[in-house]
Amino acid sequence: MTASKPPLSTFLTSQLWSGNQVLIAVLGICSALGVTNRLSVAITMGLSVCFVTAFSSFFVSLLRKITPDSVRMITQLAIISVFVIIIDQFLQAYFFSISKVLSVFVGLIITNCIVMGRTEGMAKNVEPLPAFLDGLGAGMGYAIVLFIVAFIRELFGFGQLFGYQIIPLSWYATSVHPDGYDNFVLMVSPPAAFFIIGGLIYLSKKLQKADS
Amino acid sequence: MSESKLRSRTQGVSYTLLFMVALSLVCAIILSILASALKEPQEMAKELDRSKQMLIAARILNPYVYFQLQDQEGRFVPAKATRDGILEPSHEKHTPNQQEILDVYRNRIQAFLVNDRGDLLTFEQAGMNEQKYVQDFRKSGYYREPLKLIYKIFSNSRGDNRFVEGYVIPVNGMGLWDAIYGYLAVQPDGNIVIGISWYDQKETPGLGANIAEAEWQSQFPGKRLFQQSPNGETNFNTAPLGIIVVKGKVKEVLDSTPKALSAVDGMAGATLTGNGVTNAYQDVLTAYRPFLVRLHQEFAKITK
């Protein structure tokens with residue numbers, strides 16, 4: 001048995017690409033649509049989810065032997081909620097302007113399928129350290145997808161990256177010069193993320209097929 | 001062997017109950033410690049944000065977060081705060097820290113009350129506690145109270161040399177999704193807008209939420225609160241009050257009629273948020289009419 005045991009690091013790396021929670025398991029889509037129209041917001045959300053998945057996986061695993069089977073989901077939920085509230089309170093205290101934009105989405109990390117998926121699917125069956133790495137990897141995989149989507153949406157929706165103007169203002173249509181460039185309005189609204197994530201899922205399937 | 005023993009022990013009802021009670025207790029203790037530890041920084045962050053938004057409405061703070069001053073020709077130039085909250089022109093756009101923002105706020109902004117006849121009262125004269133009053137009616141709206149909240153904007157000078165540069169009116173309204181809260185700063189003539197801001201709103205990001213963006217707010221300075229009648233005159237006692245957010249562009253909808261002086265461009269895809277903003281200004285400013293009319297009369301006396 002010990003010979004076939006995979007090294008610890010695969011718990012982390014498998015979550016980034018071949019087992020990416022958004023692209024392969026298609027989980028966590030709701031918040032990925034909601035918080036990806038600005039890079040700064042998407043990164044904060046990605047980091048928050050990393051923190052929550054990593055630590056809740058760790059503690060679920062730590063308690064796995066003494067948790068009664070009949071209440072294991074409630075236990076997981078309670079642990080997840082604690083970490084989500086920690087993040088939410090922390091953002092409100094020290095990153096007020098970002099917490100204003102994230103508003104309900106931080107609270108909704110509790111119901112993010114990725115977190116519960118990892119605690120129920122992995123953490124309750126393994127040692128605390130692999131569980132922690134697995135959770136961290138799942139969060140990072142989610143954060144990477146959010147970053148890509150937000151990059152595309154902010155660039156084409158606002159012509160900016162991190163709030164700085166990238167597309168020169170002189171390219172834009174004005175009343176004098178009406179056939180200039182216009183921001184792609186669809187990119188600003190959540191459905192745009194739906195198309196982008198759809199495209200990313202297609203791409204990752206294609207590439208992973210080529211790999212194997 | 002011990003594994004199976006542990007398994008069987010963790011299956012009983014009483015164990016399950018005990019486990020849940022213990023877990024809940026631990027979680028509750030962690031969260032209450034956290035909440036009480038972070039309460040102060042959270043309140044400070046909110047307070048700071050409101051002060052910032054008020055300074056933005058009064059055009060003391062630029063929306064891109066640096067102080068500004070008007071030079072002799074009326075242009076805005078970047079400024080830096082000195083230790084006692086006085087601004088000095090500066091060549092670079094210096095981002096102020098928390099303390100500087102609060103110092104300038106304390107030096108330039110002061111809260112007062114107005115009654116239904118338009119008289120200004122201090123909180124002492126009214127026998128009220130400022131902090132409690134501000135806290136109690138933030139959600140319901142100060143404009144609904146018999147004594148309404150107003151902020152004086154003082155000029156950038158020391159002690160007795162200070163004069164009133166304008167007034168800030170807190171604005172409450174209903175957007176598309178939820179309540180919206182903001183400020184409107186008006187010049188001492190009670191008519192011309194200095195600037196506006198919204199400090200709390202939950203409108204659609206990218207559409208209605210643009211009311212909180214500097215670019216959209218930049219349309220407001222210079223607008224008139226009292227709508228001019230078509231012949232270009234303003235009857236201050238009867239003229240409709242407010243700033244209208246039109247559907248589309250002001251230029252296309254109202255052209256250069258006098259009404260255009262009290263209107264701003266709408267946001268594409270956010271007509272309902274625009275209507276909410278229009279209604280908020282109308283409701284709130286109508287409640288402040290006696291005060292605004294009084295300001296106008298006193299201003300007209302001085303300038304004559």
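The following exercises, with worked solutions, concern a predicted model.

**Exercise 1.** State how many helices and strands chain A has, and give their order.

Solution. Chain A holds ten helices and two strands. Reading from the N terminus, the order is α-α-α-α-α-α-α-α-β-β-α-α.

**Exercise 2.** Describe the extent of chain A, its share of buried residues and the sequence separation of its contacts.

Solution. Start with the C-alpha trace of chain A, which spans about 70 × 45 × 25 Å along its principal axes. Next, take burial: of the 212 residues in chain A, 41% are buried. Last, consider the contacts in chain A with a separation of 6 or more: 78% of them join residues 24 or more positions apart.

**Exercise 3.** Find which residues of helix 7 of chain A are buried, how they are arranged, and what covers them.

Solution. Helix 7 of chain A covers residues 113–121, and its buried residues are I114(A), V115(A), R118(A) and T119(A). Viewed down the helix axis, these buried residues fall within an arc of 125 degrees, so they line one face of helix 7. The cover over the buried residues of helix 7 includes helix 3 (39–62), helix 4 and helix 8 (128–158) of chain A.

**Exercise 4.** Characterise the side of chain A that touches chain B.

Solution. Count the residues in contact: 21 from chain A and 23 from chain B. Then assign the chain A side to elements: helix 4 (residues 72–94) gives the largest share, ten residues. Finally, sort that side by class: twelve residues are nonpolar, eight are polar and one is charged.

Definitions and conventions
Residues numbered from 1 in each chain as written. Chains lettered and ligands numbered in written order. Predicted model: local features only at pLDDT ≥ 70, side-chain atom pairs only at ≥ 80, totals over all residues. Helix = DSSP H or I, 4+ residues; strand = E, 2+ residues; numbered from the N terminus. Buried ≥ 20, exposed ≤ 12 C-beta atoms within 10 Å, placed from the backbone. Contact = placed C-beta atoms within 7 Å. Nonpolar A, V, L, I, M, F, W, Y, C, P; charged D, E, K, R; others polar. Arc of directions from axis to C-beta.
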